[in-house]
Each structure stands twice: as C-alpha cells, then as structure tokens.
Amino acid sequence: PVPTISWRRADGKQIPRKARRHRTSGLLEIPNFQQEDAGLYECVAENVRGKNVARGQLTFYAQPNWIQKISDVHAAIEESVAWECRASGRPKPSYRWLKDGEPLLAQGRVQLEQGSLTITNVSLADAGMYQCVAENRHGIIFASAELSVIAVGPDFSKTLLKKLTLVKVGGEVIIECKPKASPRPTYSWKKGKDILRENER
C-alpha cells in the first residue's frame, strides 16, 4: 500500500514548529531557515510491509556581513593609527588588508591581526586608501577608508610658559615646553638672547 511519510531529526531535537509537512507529497518545508534549524533530518516511509529511512544533512551558511567598518583617519607624523573591522558569516570570515589596491603585509611598524590593523610611527609614505576584506567560501565584502598624514609646525598657542617666582633660594624650578608639532621638534632654550647650555645646575 501507499506508505505514510513522517519526519524527524536524527539528533533527537524537535523539528521546528514553523516547519510545514505536506503529507501527500512527502515534503518538509522550513521557512526562514536559521542556524539552529541545521542538522541531520530523517524521512521515514512506512506501510504494513515495512519501513525505510532516508537521511539528509541541512547545513546553514551565511555570506559575510559587516558588524564594524573602518572610517577615514587624519594622523600627524609619528602618531599611531589603529583600525578594526568585524564581520559576521558562516563559516567565520577570514580577513586581509589592501593598501591602494595592493596586498598589505605585516612588517615592522605595520601589524595585522584578524580584522585589526595597527601602524605605529606613521610617515607620509603611509598615506593612502586602505581596504579591509572579509571573506568566506560564500562571499566577499570590502570596507574602505583613507589615511591622511599631516605635518604640523610647532604651535605654542596651547602651551603656557608660566612666570615663576623663586621663593626659596636653592630650590628647583621646572618649566615645561610642549608645543603641538609633527614630526617631533628639536628643542633649544634661551635666557634673554643667550642660548642656555647644560651644566651641573
């Protein structure tokens, strides 16, 4: 006689409630398939003469999708730059980096770790367009950002050289000079018009 058809999961889990069984055609339909729906399914056909089982593995996969992208950065010479990009996907995406369309390799000041890129002590040569690439066997996505490297001449506008009154003879006086500048400037000190030289005091 025509067999009856039933469905079950071989791992013992329940077939999702959203699933629809079409008894006449032996079809199992799972709408909005999610990762938790993946697994080994069994179709059981049975009549008075016996039964037979067919198995099928349902596998969940997803193309990469950005969780965190990179954005443009303006950095002064000798500063450090850090970017991080993250993507979801199944299987888990791998990452690589490009600079101006060419593969970027970890070396010296450039450190790569998964979706992280760190450049220490940046120079004008580091300026350019960078891309983070996330990929798995089902797809590939790109996120782009530009690194602009700027040079800044010494700026004392935010530095205060305080006038100090020495209260105690033989005391110590410290005067800080920290102008904003890139690359790092060299320093010299003058007292009046005379250049100060380092001595025992």
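**Exercise 1.** Locate Asp100 relative to strands E10 and E11, and describe its backbone and its surface surroundings.

*Solution.* Asp100 lies in the loop that connects strand E10 (94–99) with strand E11 (102–103), where strands are DSSP runs of E with at least two residues and helices are runs of H or I with at least four, numbered from the N terminus. The model is predicted, so local features need pLDDT of at least 70 and side-chain atom pairs count only at pLDDT 80 or more, whereas totals for chains, interfaces and linings use all residues. Residues are numbered from 1 along each chain as its sequence is written, and side-chain values use heavy atoms, with hydrogens and water left out.

For the backbone, Asp100 has a positive phi of about 50°, although it is not a glycine. For the surroundings, Asp100 gathers with Asp72, Glu102 and Glu146 in a surface patch of negative charge. Patch residues have over 30% relative accessible area and no salt bridge, and like charges are joined within 9 Å; the areas come from the Shrake-Rupley method with a 1.4 Å probe, only the protein chains shown counting as cover. Asp and Glu count as negative, Lys and Arg as positive, while His and the chain ends are not counted, and the place of a charge is CG of Asp, CD of Glu, NZ of Lys or CZ of Arg.

**Exercise 2.** Work out the strand order of the open sheet that contains E1, and find the salt bridge that Arg8 makes.

*Solution.* The open sheet has three strands in the order E1-E4-E5, paired antiparallel, where pairing requires that DSSP finds at least two bridges between two strands. Its edges are E1 (4–9) and E5 (50–58), each of which pairs on one side only. E1 is joined to E4 (residues 39–47) by six antiparallel bridges, and Trp7 stands opposite Cys43 in E4.

Side chains of opposite charge can pair when their charged atoms come close. Arg8 forms a salt bridge with Glu42 at 2.5 Å, N to O, the criterion being a side-chain nitrogen of Lys or Arg within 4 Å of a carboxyl oxygen of Asp or Glu.

Notes. Patches are made of residues with over 30% relative accessible area and no salt bridge: like charges are joined within 9 Å, nonpolar side chains (Val, Leu, Ile, Met, Phe, Trp, Tyr) within 5 Å.
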